[in-house]
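Dear colleague,

I am passing on the structure below, and would be glad if you could look through it alongside the notes that follow.

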Amino acid sequence: MTPKRGLITDTFKVVKKTRRGGKRDKSPSPPIPPQLSEREKDLQELKKFDLDWKFGPCTGISRLQRWERAALHGLNPQQEIKDILLKESTDPEHTQNLWCDYPL
């Protein structure tokens, strides 16, 4: 017969660690999102427009041309995108799409 094996706690003493600092919150408070300027909000909206493929491909044309093409084909692009583009028509960061740096 094999001898009965004991538990590991029979050999080693159980030591419970004490908690330091009392109770802790298990979830930290969520970080406060930074306040975006009007320009940054506009750029985020334009970036969403660039990434939305329902308005067709966007390489090789400006954002305004893409918006006008989508409206011509009845795809109903948001009017506020056109308003942003017309308001900032001289700023290349607003007029060029995300993919303007990539060759065709």
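Asp50 has its place in helix H2 (helices being DSSP runs of H or I with at least four residues, numbered from the N terminus). This is a predicted model, in which local features need pLDDT of at least 70 and side-chain atom pairs count only at pLDDT 80 or more, while totals for chains, interfaces and linings use all residues. Residues are numbered from 1 along each chain as its sequence is written, and side-chain values use heavy atoms, with hydrogens and water left out.

With a relative accessibility of 0%, Asp50 counts as buried (under 20% relative accessible area, with a 1.4 Å probe and protein chains only). Its C-alpha atom is separated by 9.1 Å from that of Arg66, 16 residues apart along the chain.

Helix H2 (residues 38–51) packs with helix H3 (residues 63–72) at an angle of about 55°, the axes being 11 Å apart, where axes are lines fitted to C-alpha atoms over the stretch in contact and angles run from 0 to 180 degrees between N-to-C directions. Leu46, Lys47, Phe49 and Asp50 of H2 make the contact with Arg63, Arg66 and Trp67 of H3, contact meaning heavy atoms within 4.5 Å.

A search of the whole structure finds 1 aromatic pair, formed by Phe49 and Phe55, which is tilted, at 5.3 Å centre to centre and 35° between the planes (ring centres within 6.5 Å; under 30 degrees is stacked, over 60 edge-to-face, the rest tilted). Phe49 is buried at 4% relative accessibility, and Phe55 is buried at 6%.

Best regards

Key
Helix = DSSP H or I, 4+ residues; strand = E, 2+ residues; numbered from the N terminus. Phe/Tyr/Trp six-rings, centres within 6.5 Å; stacked < 30°, edge-to-face > 60°. Buried < 20%, exposed > 50% of the residue type's maximum accessible area, 1.4 Å probe, protein only.
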